[in-house]
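Look at the chain as a whole before turning to single residues.

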Amino acid sequence: MSGQSDESQPAGILVGYDGSPGSDEALVWAVTEARARKSVLTVCQAWQPGYPARLMAAGAPDLARQEGERVLARGIRRAQALLGPGEIRPLLTAGPAAAALCENSARAQMVVAGSRGLGGLRGLLLGSVSLQVATYGAGRVVVVRGHWRGSGHGQGPVVVGTEGSPASAAALVFAFEEAALRETWLLAVCALADAPGSLDGRDQIENHFEHLLGQAQKEHPKVVVRRHVTDSSARAALLTAAHDAQMLVVGARGLG
């Protein structure tokens with residue numbers, strides 16, 4: 001297996017895979033998403049000289065590359081078994097995984113990563129790769145964490161936070177798409193604790209919220225939407241709303 005992919009082609013759903021349990025969960029999620037969207041699935045494995053740790057003593061880049069090829073081949077086989085006739089592309093790159101996913105994110109519909117890979121410190125909710133990709137990746141980034149059911153992705157609503165900022169408007173579009181694909185309802189949350197102190201400022205955010213919801217709902221009229229406007233902070237409101245949700249969608253930056 002050459003492990004190479006034409007990097008000029010669209011990557012479709014791009015998923016990082018290193019053979020860890022977290023990357024296995026991300027791969028299953030990405031396969032389901034690629035099937036629902038009828039998209040190409042690109043499985044990315046980034047190898048580095050001296051990694052995994054058992055190869056460090058050998059100090060041989062060739063061995064590290066061969067290990068990367070084996071890991072990628074395993075991921076491709078699993079994806080093929082799950083996806084069936086859909087198109088799957090391998091992508092083997094040299095260097096840090098976060099850099100590889102960020103560099104290829106601009107040509108992908110979305111990037112999917114597990115919450116934790118093989119490296120890093122135990123006990124952290126997010127590993128360094130998922131954190132860097134969520135911070136620096138272009139476009140849509142999905143971090144798969146927690147338990148969910150593979151058929152239809154999961155149960156419960158899609159939760160989205162929006163307050164009128166450009167990033168939250170993009171998040172709202174994505175959230176409607178996901179709710180429609182999953183045939184579930186959408187819970188739209190607007191938190192006002194961080195709004196300007198004046199009544200006009202709060203009213204303006206609520207008006208933006210309603211306007212954006214109205215625009216997005218025109219594109220997906222079958223999606224049932226429930227609104228939740230609260231005086232809580234965005235963090236507290238979203239964590240509470242997402243407790244029984246299958247997906248939480250937020251923009252990279254808000255109005256602050």
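**From the surface inward**

The protein chain exposes about 13300 Å², and carbon and sulfur atoms supply 53% of it. Accessible areas come from the Shrake-Rupley method with a 1.4 Å probe; for residues, only the protein chains shown count as cover. This is a predicted model: local features need pLDDT of at least 70, side-chain atom pairs count only at pLDDT 80 or more, and totals for chains, interfaces and linings use all residues. Residues are numbered from 1 along each chain as its sequence is written, and side-chain values use heavy atoms, with hydrogens and water left out.

The protein chain has seven helices and nine strands. Helices (H or I, at least four residues) and strands (E, at least two) are DSSP runs, numbered from the N terminus. Of the 256 residues in the protein chain, 45% are buried. Buried means under 20% relative accessible area, exposed over 50%, and partly exposed in between (1.4 Å probe, protein chains only). A contact is a case of heavy atoms within 4.5 Å. Among contacts in the protein chain with a separation of 6 or more, 77% are between residues 24 or more positions apart.

Start with helix α1, residues 21–37. From its first C-alpha to its last, α1 reaches 24 Å, close to the 24 Å expected at 1.5 Å a residue; the expected span is 1.5 Å times one less than the number of residues. Twelve of the 17 residues of α1 are buried, so this helix is largely enclosed by the rest of the structure. Among the buried ones are Gly22, Trp29, Glu33 and Arg37. Just after α1, lysine 38 takes a positive phi of about 55 degrees.

Helix α7 (residues 234–241) has Ala237, Leu238 and Ala241 buried. Seen down the axis of α7, the buried residues fall within an arc of 95 degrees, so they line one face of the helix. The arc is that of the directions from the helix axis to the C-beta atoms. An α-helix has 3.6 residues a turn, so residues three or four places apart point the same way. The buried residues of α7 pack against the strands β6 (158–161), β7 (186–191), β8 (225–230) and β9 (247–249). On the face turned away from the buried side, α7 carries the exposed residues Arg235 and Thr240.

Next come the cores. A nonpolar core is a set of buried Ala, Val, Leu, Ile, Met, Phe, Trp, Tyr and Cys residues joined through side-chain atoms within 4.5 Å. The largest has 46 residues, of which Leu41, Val43, Val112 and Leu186 touch the most other members. Helix α5 (residues 166–182) gives the most to this core, with seven residues. A second, separate core of eleven residues includes Leu14, Ala100, Ala108 and Val133.

Two single positions remain. Glycine 16 lies in strand β1 (residues 12–16) and is buried, with a relative accessible area of 14%. Leaving out residues up to four places away in sequence, glycine 16 touches Ser23, Cys44, Leu101 and Val112. Threonine 162 lies in the loop between β6 and α5 and is buried, with a relative accessible area of 2%. A polar contact of 3.0 Å joins the side chains of threonine 162 and serine 168. Such a contact is a pair of N or O atoms within 3.5 Å; within protein, one must be able to donate a hydrogen and the other to accept it, and residues adjacent in sequence count only if both atoms are side-chain atoms.
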